[in-house]
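Here's a quick briefing to read alongside the model. It covers a pocket and a helix pair.

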Amino acid sequence: MKNNEKNIPVLVVDFGSQTTQLILRRIRELGVYCEIVSYKNLMFEVKKYSPKALIFSGGPSSAFVNSSPKVSEDIYKLNIPILGICYGMQIICQQLKGKVKETNTREFGKANIKILKNSAIFGSSLKIGNKSQVWMSHGDQVEKLPKGFEILAYTKDNNISAISSKEKKIFGIQFHPEVIHTLKGRTIIKNFVLKISKIKPNWKIKNYLDEKINQIKKQVKNDEVICGLSGGVDSSVVAALINKAVGRKLTCIFVNHGLLRKDEEKEVMNDFKKYTNAKIIYVNAKKEFFSRLKGITEPEKKRKIIGKEFIRVFEKEAKKIKNAKYLAQGTLYPDVIESKHIEGSKSKLIKSHHNVGGLPKKLNLKLIEPLRELFKDEVRQLGKELRLPDNIVRRHPFPGPGLAIRIPGVISNKKINILKKADFIFIEELKKHNLYNKIWQAFCVLLPVKSVGVMGDSRSYEFTLSVRAITSKDGMTAEVYNFNHNFLKYISGRIVNEVKGINRVLYDITSKPPATIEWE
């Protein structure tokens, strides 16, 4: 999204970090608009948008390698405040005639820094002698500072962890303030953006909504738009947003691939008809999807098969709609980041998302992705602005491939029905105990594992179910929700007693990272 004004207050320069988008998120939490740009044409972007601050992201490269990503050295002469994070700090040092070297021991995960000097970047919350927990992720370190820089903080191993140049208004930190494990991270970013860079917090989600409506109107004109409606908050907000912009020029297509939660198709149809005046087409494609997925066990194949079949169904329906020129999708920032190779040459694709990566030419539709720059909580805010009800806006995320990626191994009707029943019980109890809205995402996974049990006086040999519930701000990092032990016992009892085919229930306590939220 481009701002209505020529100025974009903060540009986040992407060097290939998997957490670049989190930097963006933290700045927006302050009420300051920002965008991610590539390091490759940074001077052009600076001249175009006149930012008041630059933040250099981390990245997988080594600053001392000649081919590593760099910015034009003229950037450092502009007198714009700069904050370098991890690789961002290292490339600043390397380009300004300091020295970065490879270390024998990586610093990864939680660490403690000791403050050596008071600084505006730390503010009043971190003073000389204070220690603070941070999140490290690097294998190189700064050995020699550029002229005019001073050390602000060390780690326990005397590695440089924060630097500054008052004259140049440049700051560098070796750790990642955008990650929640850095306890004072938000404060550090706030100090840099609001106090050092003197930027006023005046960006609101309503501004985004108004701009997108105008943008969609100009783009669509008299053409028709098709929207893939799943019932999740993302697709619902997209549909409501486009409906507000173009009215009856929008046709929603709801594809039931047979991998939805219990009674979900009825709920989606009823809710959407109630809260919008958009046209909606219901397509029952269970047989087609099941046929394509028969015997498939590999997760990426499942995702790609579902994505291709989804497009095929859409193509068939799209041909029936005259003047259809656009397809609207609920693609979010985390979807994009996890699905692409970002700037750093060593960055890896984590998993593919069925609604990321464009459309086949034969579909002959152009994409509209109005949520592509937003995180989940921002989408929820947008939904409230659009006056969607809480049961839509606060609904837990649900993956496009549905229950297919919550059944590791071969998918069958029997397994889907078992999982639907177990998942319904879990969600029902979360709502009864007022836990649902405290949790980012909760679901069950039916494992391809059977175990021996005793039910009544008989031996059982049935499936194992894993229950998962996590808390998160944006889906990029997540922590397990700490249930009361008695609640877990109660859930286990209900599921085993009421769902035929399950005799063992586990609770997944793995955070993200190292795990992803979904199992596949």
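By class, how many nonpolar, polar and charged residues does the lining of the second largest pocket have? The lining has eleven charged, four nonpolar and three polar residues. Bear in mind that this is a predicted model, where local features need pLDDT of at least 70, side-chain atom pairs count only at pLDDT 80 or more, and totals for chains, interfaces and linings use all residues. Numbering runs from 1 along each chain as its sequence is written, and side-chain values use heavy atoms, with hydrogens and water left out.

**The second largest pocket**
- This pocket holds about 430 Å³ of space.
- Its lining counts 18 residues, and E267, R395, I427, K431 and Y436 are the closest to the centre.
- Two or more lining residues come from each of α7 (264-275), α12 (390-393) and α13 (413-432).
- α13 is the top contributor to the lining, giving six residues.

**Where α5 meets α11**
- Helix α5 (residues 205-220) and helix α11 (residues 376-385) have axes that come within 10 Å and cross at roughly 70°.
- The crossing of α5 past α11 is right-handed (the near helix is turned clockwise from the far one by less than a right angle).
- On the α5 side, I205, K206, Y208 and L209 meet E378, Q381, L382 and E385 of α11 (contact means heavy atoms within 4.5 Å).
- By class, the residues of this α5–α11 contact are four nonpolar, three charged and one polar.

Terms used
Axes fitted to C-alpha atoms, helices over the stretch in contact; angles between N-to-C directions. Helix = DSSP H or I, 4+ residues; strand = E, 2+ residues; numbered from the N terminus. Nonpolar A, V, L, I, M, F, W, Y, C, P; charged D, E, K, R; others polar. 1 Å grid on protein atoms, 1.4 Å probe; cavity = no way out; pocket = protein on both sides within 12 Å on 5 of 7 lines; lining within 4 Å. Points joined across faces, edges and corners; volume = space filled by probe spheres on them.
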